[in-house]
Amino acid sequence: MDFQAHKEIAWNGIWKQNTGVVQILGLCPILAISTNVVNAVSLGLATILVMALANLAISALRNFIPYEIRIPVFILIIAALVTVVDLAFNAYLHELYLVLGIFIPLIVTNCIVLARVEAFAAKNEPAHSTTDGIAMGVGLTLVLAVLGAMREIVGSGTLFSGIEMIFPGTEGLTLFGDNYPGFLVAILPPGAFIALGFLIAGRNWIEARKQARARANPPASGAPQASVEPSAPAEAA
Amino acid sequence: MSETTALGLSARTGGVMVAFTVVFTAVMAFTYDATRDQIQASATEEKMKLISEVLPGAAYDNALLDDYVQLGPTRELGLDEGGRVYRARKAGQPAALLLETTAPDGYSGRIDLIVAINADGSVSGVRAVNHRETPGLGDYIDPRKDRDKKSPWIAQFSDLKAADVPACKVKKDGGQITYHTGATISARAVTNAVGRAARFAADNQNRLFAAKSGGPL
């Protein structure tokens, strides 16, 4: 059933093949941008948009792209789409562009876009590919948000600082009073590596517990729990 | 035989590549053309908004963006490729100079600033237009990123009188400008650039106001 396939793809992108903590792809923006939640989520949202568009476009054109030159064509299409998104944001959503603008060109350098295009969109039909792009983007956004929150809380003692640029009238939180001295390492790139390490460890721990539980209580034959063991990722087909 | 197939393959893939390039370049060109006017209008509006932050609108009554001097490369202002000095006048009398200036020695490269100097030599306001200072650390030079929203760091410059300009240095260097511990370099770069701009404006004020609009100094 098609809905089932979309669900499978979405779960794959958000948890099983999460770009940030499983595939460990696209570290460049993760390290650079996740110093606070607002920046991190902003970049995540822009990435979702670009990944959905790139997957859709390339999936639709996949039968016209010769195998030998697929990578340059993919890069050409991704770069063109990013440019179009950049210009359109600048012209029609200028307020949002002031916040997201500096991140949009960064997306071209994010290897996760090319990776999903190559691994998924080039082999699957457009609707599934778009879902995959969105799901992978959402997965990345979640990692960015958690990472941004960790680094912002530890590093600056604030949360959601800068949110007034997106929602005027709101204000970020100062958690530990005005005299919090800050913790520099958390703000610098090494802090991103350390925090990301904790996230990966946390995800592995949850997965390991889930599998241990599945082994301890072998499902009765035909029970729906059988799907706990990861089935082959969709793109392996 | 295999040579002709290799040649044929090359020609075919080359043709496809060219076709894709042409199509997507056309898409980009079309988008650029469709959005150009809108983007330019936004940029002008953005510039005026920035200017209103460093120089209150009541301080002048001329068309500020059309009344400027085009400077060539100017070492005092850190301009390698030149920049503009906008001239604010009130009832025809000099009111203030808005200088585009660059601090070349930021922690992560150049910091582009706009500095407004009143005709009496005092500093009206300063804003960072472009910078790559470390997020969460040195980026407090940009009031939008400054955690202290009530009295952002950059507001200190608005209190500088003409007599204070020689003390436009960070405290570590014997001046009166405070900075955040651990991020002196960003503050020092901006502070020194503001000092240089203020001295440049004071030294050249008459020539700057007398120069032909849109022309060189």
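**Exercise 1.** Work out how many helices and strands chain A has, and in what order they come.

*Solution.* Start with the count: chain A holds 10 helices and two strands. Here helices (H or I, at least four residues) and strands (E, at least two) are DSSP runs, numbered from the N terminus. Next, read along from the N terminus: α-α-α-α-α-α-α-α-β-β-α-α.

A quick note on what you're looking at: this is a predicted model, where local features need pLDDT of at least 70, side-chain atom pairs count only at pLDDT 80 or more, and totals for chains, interfaces and linings use all residues. Residues are numbered from 1 along each chain as its sequence is written, while chains are lettered from A and ligands numbered from 1 in the order in which they are written.

**Exercise 2.** Find which residues of chain A have pLDDT under 50.

*Solution.* pLDDT is the predictor's confidence in each residue, from 0 to 100. Chain A averages 82, and 92% of its residues score at least 70. Now go to residues 223–237 of chain A: pLDDT stays under 50 there. Where pLDDT is low, the predicted coordinates should not be read in detail.

**Exercise 3.** Trace the hairpin formed by S4(B) and S5(B).

*Solution.* First, find strand S4 (residues 109–118) and strand S5 (residues 123–130) of chain B, which pair in the antiparallel sense over six bridges; pairing takes at least two bridges found by DSSP. Then look across: B:Ile114 stands opposite B:Arg127 in S5(B). Finally, check the turn: four residues sit between the strands, and B:Gly121 has a positive phi of about 95 degrees.

Notes
Two residues are in contact if their C-beta atoms, placed from the backbone, lie within 7 Å.
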